[in-house]
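Subject: Structure for your review

Dear colleague,

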Amino acid sequence: MKILALESSAVSASVALTEDEKLVAQSFQNCGLTHSRTLLPMVENLLANCGVSLADVDAIAVAHGPGSFTGVRIGVATVKGLALGADKPCIGVSTLEAMAWGARALGGDLCCVMDARAGQVYNALFTVKDGRVRRLCDDRAIKLTELAEEIGEAPYFLVGDGADLCYNTIKENCTGLRLAPAELRFATGFGVAAAALPLFREGKACSPQELDAFYLRRPQAERERMARLAQTK
């Protein structure tokens, strides 16, 4: 079973090709270039270098949020276009869960975080047992002070592009926190594929038309518009 997986919802961009649990190839960039510029060429180059076409792929997976509103839209739109053209099913996975799957070699408990601005992080907690990731809470936008109160001194590895922010802000109150190694900290295409595989086996793939973004919060422009409308009432 071959899965092509894309990640563009965070600061890095990544594409991976897997066959069952095996990583066949992966491309990763964290150089500040826009995902609209890098993502599709990464897909094309990776498939060409592997001698694989979209016709050979069983499903296309994507991190559909939470994360950067623009990055999520780019990833979801790219997968929709690829899947429609190749007549392939899609799998949307949580960016936070994909991070956990990508870092599961650490074992134990994982605290996945992304900077959500305004003193909040996108967060979910996971535990790893026998190489499998189990979710401990739903994806959420939470204040760092509230997260610190919840996890207390429990031992957690911090994973995600919000890990440094989280560690530096709450480490004094959360002495069990440890930063995941840099090579396991960022979201990757392989993490997306690993999170997508059990969903595909459970029959939870969807059509390109059904694939949608999962933002958790409304985009800032929409929040500002709603605030202006509320003031005029």
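A pocket is defined on a 1 Å grid over the protein atoms alone, as an open set of points where a 1.4 Å probe fits, with protein on both sides within 12 Å along at least five of seven lines; its lining residues have an atom within 4 Å of a point. Grid points are joined across faces, edges and corners, and a volume is the space filled by probe spheres set on the points.

This is a predicted model, in which local features need pLDDT of at least 70 and side-chain atom pairs count only at pLDDT 80 or more, while totals for chains, interfaces and linings use all residues. Residues are numbered from 1 along each chain as its sequence is written, and side-chain values use heavy atoms, with hydrogens and water left out.

The largest pocket has a volume of about 450 Å³. Its lining comprises 20 residues, and G67, S68, F69, D115 and R117 lie nearest the centre. Two or more lining residues come from each of α2 (69-86), β6 (108-117) and α8 (220-232); helices (H or I, at least four residues) and strands (E, at least two) are DSSP runs, numbered from the N terminus. By class, this lining has eight nonpolar, seven polar and five charged residues. Here Ala, Val, Leu, Ile, Met, Phe, Trp, Tyr, Cys and Pro count as nonpolar, Asp, Glu, Lys and Arg as charged, and the others, Gly among them, as polar.

For the second largest pocket, the volume is about 170 Å³. It is lined by 13 residues, with E21, W101, R104, A194 and L197 closest to its centre. Helix α7 (residues 189-201) gives the largest share of that lining, six residues. The lining of the second largest pocket divides into six nonpolar, two polar and five charged residues.

Residue S14

S14 belongs to strand β2 (residues 13-19).

The chain as a whole

The protein chain has eight helices and 11 strands. Its C-alpha trace spans about 50 × 50 × 35 Å along the principal axes. Of the 233 residues in the protein chain, 48% are buried.

Yours sincerely

Note on methods. Buried means under 20% relative accessible area, exposed over 50%, partly exposed in between (1.4 Å probe, protein chains only).
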